[in-house]
Amino acid sequence: MSRQGNLLDKLQTRARVVANRLSDQHVKLAVTGLSGAGKTAFITSLINQLMEGASTSSLPFFSVCKQSRFIGAKRAVQPDLRLARFEYEQAMEMLRGNPPAWPVPTRGVSQIRLHLRYYPGSGLRKLVSNRSTLILDILDYPGEWLLDLPLLDMNFAQWTLYCQQQMQGSIRQELSRTLREQASKLDWLAPGDELQLQKLAECFRQYLRDCKEAGLELIQPGRFVLPGELEGAPILQFIPALGLPGGFDWQQVPIGSNLSLAMDRYNQYRDKVIKPFYRAYFRDFDRQIVLVDCLSALNKGPEAFNELQQAINWILQSFHYGGNSLIRRLFSPRIDKLVFAASKADHITADQQDNLIRLLESMIHEARQTIHYEGVSIQTTALAAIRASQSGKADYQGKTLSVLTGHDKQGQPLTLYPGDVPVGRPSPAFWSTQGFDFPQFSPQSSTELSALPHIRMDQMLEFLLGDKLR
Ligand code: GDP
C-alpha cells in the first residue's frame, strides 16, 4: 500500500475511535434516601419514563424528548454481577396489578444498566455519528449507611456517650428501657462472653428498629437495621457500653473483657464495613440523588422532624469533599451533580409544591453553600416518582379550595385538603396546637401503554442527564 493510502487508513481508524468515544458515554447515577423515602418507587419510575419516554409526551422538560431526539431505552446486563439486580419487572407487575400496589422496597445495594439511544442535537457528536448511546448505570443504596460516616470520627467511648445522650430524648428513653436494663446486668470488665454480647446486640437492634418504627431517623449503626450481606456476622454483635460505672478510665480496659470485645467489634465495623462501603461505591458515582420524605416526618411530630434534620446534616457530610473532610481522607470523590428531592409531592396540592421545596432548602441550607463552593452543582426539588393523586377544586363554605383526590391505603376513594406545608421548621407552639396529617395513597390504575404518572421527573432527568444527551 502507498504511503498516502497508509496515512488515510490511519486517519480513518483514528476518526472511528474518536467517533466511538464521542458517541458512547457513561453516567453512573446513585440513588439514596432513608428507608421509606421512596427509592424503589423512584428507580421504577425513572426506568419506566426512559423506556416509555420516546413514545409518550410525559417528559416535556426533558429536552432530548422535547426535541424528539430520544430513540429509546433498553435494559442491558448490569456491570457488577455480585450486586442484586434491581427488580424493575416485578415492581411494574405490582403497580399494574389489580388492584395496583406499591413495589416491595429494596433493602441493600442493587443495580441496573440502561442503554439510552438518541440522535445528537449539536456539536462534534452530531458531525461524527447520527446516533449515540448513553450507558446509564443506576445504583440504589440505603441512606442509613451514610449515617454511619460520623462514627469514623468517634471512638468507642465517644460513641457510647453519644448514644447515652441520645437515649435521654423522651421517645428514645422509653424505647431503650429494656436494652438499658439488660445492659446494666452485664459485667463489662469480666472476661468476654460472645453469647451474651450477641443477645444484647439483638436487643440493641430491636431498639433501633422500634425507633425507626416510631419515625425516628438517626438509626446507627446503619447495618444493624439493614445488614445486607452481614446478617448474623459477629461484626454486628456489639452495643455501646451502657451501664458502665461512671468515671471509668478508658485507658484501663481489661484485655479479653466484654468491654474490649465490644470495642474491638466497633473498631472493626468502622474499618471493615464503613470505610470499604465508601471506597467501593462512592468513588465511582458521577451523579447522586438523595430522596427525603419531609411530609412523613412532619406527620410524625417534632422529634421525628428534628431527627430527619440531623440525618440530612449527616448525609450531607458524605458529599462534603473539601479540605481535610472525612470523605477526602477516604478517597477522591468525583460527583459533579447532586439532587436533593422531597419525595411524594403528590401528597400535597399544587399550590403547596413551592413550600415543600423551600422547606427542604431550609433544611439543607448551611451545608448547601459549602458543597456548592466545592464545585458540585446542586438542585433542590420536590417530585412524585409515581403520582397517586389528582388535583382538583372544591367549594367549601363559599370558598373554592384546592383538593386532592385518590384512593387511600385500603383502596377507598378519598377527597381532601391535606393542609399547608410550612416553609421552615415549625415552631414548638405550632406542634403543640396543631399537627400535620398528610395522606397516603394507593397507586392509580395504569395501562401498559402509558408511562407512569409523575410530578417533575422530567425536570430531574434534565438536570441529571440533559447535558449528556446533547
Ligand atoms: P424505599 O424504602 O426508599 O425504597 O421506599 P419505597 O420506594 O418503597 O416507598 C415507600 C412507600 O412510600 C411506598 O410504598 C409508597 O407508599 C410511598 N411512595 C413512594 N413514592 C411515592 C410517590 O411518588 N407517591 C406516593 N403517593 N407515594 C409514594
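Select Ser 68 to begin, in the loop between helix H3 (63-66) and strand S2 (70-76), where helices (H or I, at least four residues) and strands (E, at least two) are DSSP runs numbered from the N terminus. Its phi is near 55°, a positive value in a residue other than glycine. Ser 68 is exposed, with 9 other C-beta atoms within 10 Å; a residue counts as exposed if 12 or fewer other C-beta atoms, placed from the backbone, lie within 10 Å of its own, as buried if 20 or more do, and as partly exposed in between. What you have open is a predicted model, in which local features need pLDDT of at least 70, side-chain atom pairs count only at pLDDT 80 or more, and totals for chains, interfaces and linings use all residues. Residues are numbered from 1 along each chain as its sequence is written.

Next, go to Arg 456, in the loop between helix H16 (428-433) and helix H17 (457-465), which has a positive phi of about 60° although it is not a glycine. Arg 456 is partly exposed, with 19 other C-beta atoms within 10 Å. Most residues other than glycine have a negative phi, and most peptide bonds are trans.

For the peptide bonds, select Asn 98 and Pro 99, which are joined by a cis bond with omega about 0°; Pro 99 is found in the loop between helix H4 (88-95) and strand S4 (110-118). Then select Gln 220 and Pro 221, where the peptide bond is cis with omega near -10°, and where Pro 221 lies in the loop between H9 and H10.

Return to the loop between H4 and S4 and pick Pro 103. Is Pro 103 buried or exposed? It is buried, with 20 other C-beta atoms within 10 Å. Leaving aside its neighbours within four places in sequence, Pro 103 is in contact (C-beta atoms, placed from the backbone, within 7 Å) with Thr 40, Ala 41, Thr 44, Ala 91, Met 94 and Leu 95.

Now show helix H2 (residues 39-52) together with H4: they pack at an angle of about 95°, with their axes 10 Å apart. The axes are lines fitted to C-alpha atoms, for helices over the stretch in contact, and angles run from 0 to 180 degrees between N-to-C directions. H2 and H4 are therefore roughly perpendicular to each other, given that angles of 65 to 115 degrees count as roughly perpendicular, under 35 as roughly parallel, over 145 as roughly antiparallel and the rest as oblique. Here Thr 40, Thr 44, Ile 47 and Asn 48 in H2 meet Tyr 88, Ala 91 and Met 92 in H4.

Move on to helix H8 (residues 177-184) and H9, which pack at an angle of about 160° with their axes 9 Å apart, and which are therefore roughly antiparallel to each other. Thr 178, Leu 179, Gln 182 and Ala 183 in H8 meet Leu 200, Cys 203, Phe 204 and Tyr 207 in H9.

Finish on helix H11 (residues 258-281), whose 24 residues should span 34 Å at 1.5 Å a residue, in agreement with the 33 Å between its end C-alpha atoms; the expected span is 1.5 Å times one less than the number of residues. The buried residues of H11, among them Tyr 269 and Phe 277, pack against helix H6 (156-166), helix H9 (194-213), helix H10 (222-225) and helix H14 (326-330).

Conventions:
Contact = placed C-beta atoms within 7 Å.
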